[in-house]
Amino acid sequence: TPRLTLRRPRPGDADVIFGYASDPEVTRLLGWPRHTTVADTHGFLQFSDASWAAGPGPYVIVDAHGVVIGSTGLEVETPHRAATGYVLARRAWGHGYATEVATAMAALAAELRIGRLYALNTLGAVFGTLVSGFVLVRWLGVDATLGAAVGLNLLVGIAAAQLAGED
């Protein structure tokens, strides 16, 4: 991508991968269990090597400074269908990297002639997209829907911050 390099994970990446793969906030919505020991990360690296032996496996995401900031990949289910996803360390959130990574995975799927590429999402995100796209825009218009979305996100953020403070 313009700002990122995607490459095969290496044994020397274990500590950095463990850093984000063990972060409860980073991993709370992922389909794989949070790493609780570096041994879990070494297990991932073994899985990665086995995946690469059969075709493209997981990639680490490296920023312009050469720092591993996350991982992504394709899970090829059939010759014509694959799943993708990504995980980013917290310090990499909010920089638009997810879009670059998803675009790169879509390009890789096209290069491999995979016709169906999908990614899973949370039910809340799917519901919010449907409501905003099919209901709110029709009723309120684009600008008012955007304003409502910003306001709702602020309220959810405030509520989350208050709940986090109760722990």
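**Chat about the fold**

Analyst: Of the 167 residues of the protein chain, 29% count as buried, where buried means under 20% relative accessible area, exposed over 50%, and partly exposed in between (1.4 Å probe, protein chains only). This is a predicted model, where local features need pLDDT of at least 70, side-chain atom pairs count only at pLDDT 80 or more, and totals for chains, interfaces and linings use all residues. Residues are numbered from 1 along each chain as its sequence is written, and side-chain values use heavy atoms, with hydrogens and water left out.

User: How many helices and strands are there in the protein chain?

Analyst: Six helices and five strands. Helices (H or I, at least four residues) and strands (E, at least two) are DSSP runs, numbered from the N terminus. Along the sequence the pattern goes β-α-α-α-β-β-β-α-β-α-α.

User: In what order do the five strands sit in the sheet?

Analyst: The order is β1-β2-β3-β4-β5, in an open sheet with mixed pairing. Two strands pair if DSSP finds at least two bridges between them. β1 (5–7) and β5 (116–118) are at the edges with a single partner strand each, so one side of each has no neighbour in the sheet. From one strand to the next, the twist averages 25°; axes here are lines fitted to C-alpha atoms, for helices over the stretch in contact, and angles run from 0 to 180 degrees between N-to-C directions.

User: Which residues does isoleucine 61 face on its two sides?

Analyst: Isoleucine 61 in β2 is the bridge partner of leucine 6, and isoleucine 61 also stands opposite glycine 70 in β3.

User: And how many residues lie between β2 and β3?

Analyst: Five, and the two strands form a hairpin. Glycine 66 in the turn has a positive phi of about 85°.

User: Which way do the β2 side chains point?

Analyst: Tyr59 and Ile61 point one way and Val60 and Val62 the other, and all are buried.

User: Okay, helices now. Which strands does α4 lie across?

Analyst: Helix α4 (residues 97–111) lies across β1, β2, β3, β4 and β5, at about 30° to β3. For this kind of packing, contact means heavy atoms within 4.5 Å.

User: New topic: how many aromatic pairs turn up?

Analyst: A search of the whole structure finds one. Tryptophan 52 and tyrosine 59 make an edge-to-face pair, 5.2 Å centre to centre with 80° between the planes. Rings of Phe, Tyr and Trp (its six-membered ring) pair if their centres lie within 6.5 Å; planes under 30 degrees apart count as stacked, over 60 as edge-to-face and the rest as tilted.

User: Is tyrosine 59 buried or exposed?

Analyst: Tyrosine 59 is buried, at 13% relative accessible area. Tryptophan 52 has 23% relative accessibility, so it counts as partly exposed.

User: Last one: what does serine 48 touch?

Analyst: Serine 48 is in helix α3 (residues 38–54) and touches Pro9 and Pro58, leaving aside residues up to four places away in sequence. Serine 48 is buried, with a relative accessible area of 0%.
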